[in-house]
Amino acid sequence: MPVEVRLPTLLRSHAEGAASVTAEGATVGDVFADLCTRYPGLSDQLVDESGSIHRFVNVYRNDDDVRYLDQLDTKVTDGDVISVLPAVAGG
Amino acid sequence: MGFVSPPLRLTEDQYRTIVAHSYDGLPDEACGLLMGPAVDEEPLGVITEARPCRNEDKSARTYRIDSRDFIAALRTAETRGDALVGCWHSHTHTDAYPSPTDIVQAEAYPTWFYVLVSLRDSEPVLRAYRIRNGTVAESQILLGR
């Protein structure tokens, strides 16, 4: 099912400048896979080498951080909005 | 650095909130977000709220603003017609100056103010910066009521 994925300014250059794109999938991971098929440059930005959500992005289904749900296995349904926002971090 | 930064205007209450939260976080680094008006993502320098957040890293060397605190603050700011315009974090044993990690991470939000609070000495030291393309420029802080 199609869901909207909102991208931060930082990542839009990997998606032809789009702030919002539509992707298909039953889970957040499926949606990301579909998205990365079309925009391969997003792959390294969203998921790390271990296959987990990258430490430096926060991913929300609507306003719930999917890390506190089922991570990439978090289910999505029609009308959900997935927001990707850079984490605020440093040392 | 190619742009003119307005001063960062903090109320005394906001200043106290930032410093108190920094001490409360010891021995770990503490962090929080700044809300205020912005035009085309450029902050005007006025801060409407300094909101303490949890440090997900629970570390004396790094911080990561709790993702739930982040989205809550973002929605609050949007509801008010404001934006997130900056963040602060403490350095428990070093200067109030962005670390190399801070400078790299600032690429995510290049229009923000970055406030550093050093707790190294007996008195806290609070400074504000803009960080763009790896260049750090200090911003004036104006305290008001």
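**Reading the contact, the fold and the cores**

Mentor: Start with the contact, to which chain A gives 12 residues and chain B gives 18 residues. Keep in mind that this is a predicted model.

Trainee: Which elements give two or more residues to the side of chain A that touches chain B?

Mentor: They are strand S3 (57-61) and strand S6 (89-90) of chain A. Sorted by class, that side of chain A has 6 nonpolar, 3 polar and 3 charged residues.

Trainee: How many bridges join S6(A) to strand S6 of chain B, and how do the strands run?

Mentor: There are 2 bridges between S6(A) and strand S6 (residues 63-64) of chain B, and the strands run antiparallel. For A:Gly90, the bridge partner in S6(B) is B:Tyr63.

Trainee: Next, the fold of chain A. What is the order of its elements from the N terminus on?

Mentor: Chain A has 3 helices and 6 strands, and from the N terminus they run β-α-β-α-α-β-β-β-β. The radius of gyration of chain A is 12 Å, close to the 12 Å of the globule rule for 91 residues, so chain A is as compact as a globular protein of that length. Its C-alpha trace spans about 40 × 30 × 25 Å along the principal axes. Of the 91 residues in chain A, 35% are buried. Of the contacts in chain A between residues at least 6 apart in sequence, 49% join residues at least 24 apart.

Trainee: How do I read a single helix? Which residues of helix H2 of chain A are buried?

Mentor: In H2(A), residues 28-38, the buried ones are A:Val28, A:Gly29, A:Val31, A:Phe32 and A:Leu35. They lie on the same side of the helix because they cover an arc of only 160° around its axis. The face turned away from that buried side carries the exposed residues A:Thr37 and A:Arg38. The packing partners of the buried residues of H2(A) are strand S1 (2-6), strand S2 (20-24), helix H3 (43-46), S3 and strand S5 (81-86) of chain A.

Trainee: And the nonpolar cores?

Mentor: The general idea is that nonpolar side chains tend to be buried together in soluble globular proteins. Here the largest nonpolar core has 37 residues, and B:Leu34, B:Cys87 and B:Tyr114 have the most contacts inside it. Elements that give two or more residues to this core include helix H2 (67-80) and strand S7 (83-91) of chain B. A second, separate core has 22 residues, among them A:Leu46, A:Ile53, A:Leu72 and A:Val84.

Note on methods:
Residues numbered from 1 in each chain as written. Chains lettered and ligands numbered in written order. Predicted model: local features only at pLDDT ≥ 70, side-chain atom pairs only at ≥ 80, totals over all residues. Contact = placed C-beta atoms within 7 Å. Helix = DSSP H or I, 4+ residues; strand = E, 2+ residues; numbered from the N terminus. Nonpolar A, V, L, I, M, F, W, Y, C, P; charged D, E, K, R; others polar. Pairing = 2+ DSSP bridges. Buried ≥ 20, exposed ≤ 12 C-beta atoms within 10 Å, placed from the backbone. Arc of directions from axis to C-beta. Rg over C-alpha atoms; globule rule 2.2 N^0.38 Å. Core = buried A, V, L, I, M, F, W, Y, C linked by C-beta atoms within 7 Å.
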